[in-house]
Amino acid sequence: MHMIHGYGGWSWMMIFMIINLVVLFSIGVYLIRYLVRGSKKQKKEPIDILNEQLVKGELNEEDYDRMKRKLKDK
């Protein structure tokens with residue numbers, strides 16, 4: 001008696017099923033993108049950054065040695 005003029009519960013179930021699938025799909029895409037992006041971005045250690053700056057000529061050897069000692073003291 002609750003289903004008057006063909007307006008039944010199956011239509012609501014179909015709508016919510018589609019919404020659930022869209023939400024699950026979105027979560028899956030987000031997680032995959034997060035995992036892929038995270039593996040590409042490898043965090044550099046401070047000593048690596050310091051070495052790169054020395055090679056590029058951004059630091060002279062005195063500054064490099066001083067900063068390297070500070071890093072080792074920590």
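Tutor: Let us begin with the whole chain, then look closely at a pair of rings, and finish with the other helices. The model is predicted, so to speak of a local feature we need pLDDT of at least 70, and side-chain atom pairs count only at pLDDT 80 or more, while totals for chains, interfaces and linings use all residues. Residues are numbered from 1 along each chain as its sequence is written, and side-chain values use heavy atoms, with hydrogens and water left out.

The chain has 3 helices and 0 strands, where helices (H or I, at least four residues) and strands (E, at least two) are DSSP runs numbered from the N terminus. Along the sequence the pattern reads α-α-α. Of the 74 residues in the chain, 7% are buried; buried means under 20% relative accessible area, exposed means over 50%, and partly exposed lies in between (1.4 Å probe, protein chains only). The accessible surface is about 7400 Å², and carbon and sulfur atoms hold 64% of that area. Such areas come from the Shrake-Rupley method with a 1.4 Å probe, and for residues only the protein chains shown count as cover.

Now for the close look. A search of the whole structure gives 1 aromatic pair. The partners are Tyr30 and Tyr34, stacked with their centres 6.4 Å apart and 20° between the planes. For rings of Phe, Tyr and Trp (its six-membered ring), a pair needs centres within 6.5 Å; planes under 30 degrees apart are stacked, over 60 edge-to-face, and the rest tilted. Both tyrosines sit in helix α1 (residues 9–40), 4 residues apart, which is about one turn of the helix. Tyr30 is exposed, at 54% relative accessible area.

Let us move on along the chain. Leu59 lies in the loop between α2 (46–56) and α3 and is buried at 14%. Setting aside neighbours within four places in sequence, Leu59 is in contact (heavy atoms within 4.5 Å) with Leu50, Gln53, Leu54 and Met67. Tyr64, in helix α3, is buried too, at 10%. With residues up to four places away not counted, Tyr64 touches Leu50, Asn51 and Leu54. The C-alpha atoms of Tyr64 and Asn51 are 8.0 Å apart, although 13 residues separate the two along the chain.

Helix α3 (residues 61–73) also holds Asp63 and Arg66, 3 residues or about one helical turn apart. They form a salt bridge, with 3.3 Å between the closest N and O atoms; the term asks for a side-chain nitrogen of Lys or Arg within 4 Å of a carboxyl oxygen of Asp or Glu. By that rule there is 1 salt bridge. Asp63 is partly exposed at 26%, and Arg66 is partly exposed at 36%.
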